Amino acid sequence: MFYVTGDTHGSFSHIRRFARSRDLGTSDTIVSLGDTSLNYHGDERDDKAKRKLAALPFTLLSLRGNHDRNPLEVDGMETHPWNGGTVQCEPAYPNILYAVDGSVFDFEGLSVAAIGGAYSVDRGYRLENGYTWFADEQLDDEQKRTVEAALEARGWAVDCVLTHTCPKKYLPHEALFDTIDQSTVDDSTEAWLDILEERLTYRRWYCGHFHIDKTVDRMRFLYRTIEALSV
């Protein structure tokens with residue numbers, strides 16, 4: 001089975017409870033839609049969380065959110081093929097995988113595209129208070145072209161799309177911080193996803209980032225809910 005959930009920000013107790021309640025095993029995968037924060041601190045705190053997850057029998061596949069270090073910048077990370085796409089992982093934690101942007105995975109016959117990245121509205125706060133912020137939190141132009149080429153190779157048709165943020169037309173305005181001037185927010189990733197969404201033929205789109213659970217058309221926003229991936 002393949003399951004999908006939203007941002008965890010380093011807190012995995014609900015995932016452990018879910019795994020126990022469903023008796024998940026080695027053939028099961030939970031997809032985190034970014035801001036998993038397993039590679040956030042860059043120190044023992046990350047390793048502690050990874051050790052706990054690695055002790056569980058299922059696979060965790062994570063997209064890269066704006067609170068995640070680029071796996072390419074993590075020492076010891078290796079790149080491997082997985083379910084028709086490409087992932088990165090550390091040999092010490094073989095069941096914790098990080099999706100390479102633009103990968104199209106085969107989930108039991110479903111074609112599933114994975115695209116990470118988003119802008120941090122809390123960037124200023126994090127920088128002012130000494131918290132970690134990643135300058136490459138959004139895909140650059142070359143990475144976007146790689147994603148577009150992967151979708152073009154499939155005739156702009158997949159069964160399912162997994163992203164951290166959402167296309168701009170689906171921005172959940174009720175979930176935006178009213179203390180932040182939205183005109184100062186860089187929404188270039190959302191605008192680019194709008195273009196992809198208009199070109200793509202797809203059946204279901206999952207995203208996280210906004211800490212809400214709701215469905216609009218074929219767009220499914222997830223936060224702490226864990227549900228079976230379906231189209």
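How many bridges join S10 to strand S12, and in which sense, parallel or antiparallel, do the two run? In this predicted model, 3 bridges join S10 to S12 (residues 219–221), and the two strands run parallel. Within this pair, Cys207 stands opposite Phe221 in S12.

Strand S10 covers residues 204–207. Arg204 and Tyr206 point one way from the strand, while Trp205 and Cys207 point the other way. These four residues, Arg204, Trp205, Tyr206 and Cys207, are all buried.

S10 is also joined to strand S9 (residues 160–163), by 4 bridges, and these two strands run parallel. Here Cys160 stands opposite Arg204 in S10.

| Strand pair | Bridges | Sense | Opposite residues |
|---|---|---|---|
| S9 and S10 | 4 bridges | parallel | Cys160 and Arg204 |
| S10 and S12 | 3 bridges | parallel | Cys207 and Phe221 |
| S4 and S5 | 5 bridges | antiparallel | Pro81 and Thr86 |

**The seven-stranded sheet**

An open sheet is formed by 7 strands in the order S4-S5-S6-S3-S2-S1-S13, with mixed pairing. Strand S4 (78–82) and strand S13 (226–228) stand at the edges; each has a single partner strand, so one side of each is left without a neighbour in the sheet. On average, neighbouring strands of this sheet are turned by 30° against each other, with direction ignored.

Pro81 stands opposite Thr86 in S5. Helix H1 (residues 13–22) packs on the sheet and touches strand S1 (2–5), strand S2 (29–32) and S13. The direction of H1 makes about 155° with that of S1.

**Helices H4 and H5**

Two packed helices are described by the angle between their axes and the distance between the axes. For helix H4 (residues 141–153) and H5, the axes come within 12 Å and cross at roughly 10°. Angles under 35 degrees count as roughly parallel, and H4 and H5 are therefore roughly parallel to each other. Their crossing is right-handed. On the H4 side, the contact is made by Lys144, Val147, Glu148, Leu151 and Glu152. H5 contributes Ser188, Trp192, Leu196 and Arg199 to this contact.

Methods
Residues numbered from 1 in each chain as written. Predicted model: local features only at pLDDT ≥ 70, side-chain atom pairs only at ≥ 80, totals over all residues. Heavy atoms only, no water. Buried < 20%, exposed > 50% of the residue type's maximum accessible area, 1.4 Å probe, protein only. Pairing = 2+ DSSP bridges. Axes fitted to C-alpha atoms, helices over the stretch in contact; angles between N-to-C directions. Contact = heavy atoms within 4.5 Å. Parallel < 35°, antiparallel > 145°, perpendicular 65-115°, else oblique. Left-handed = near helix turned anticlockwise from the far one by under 90°.
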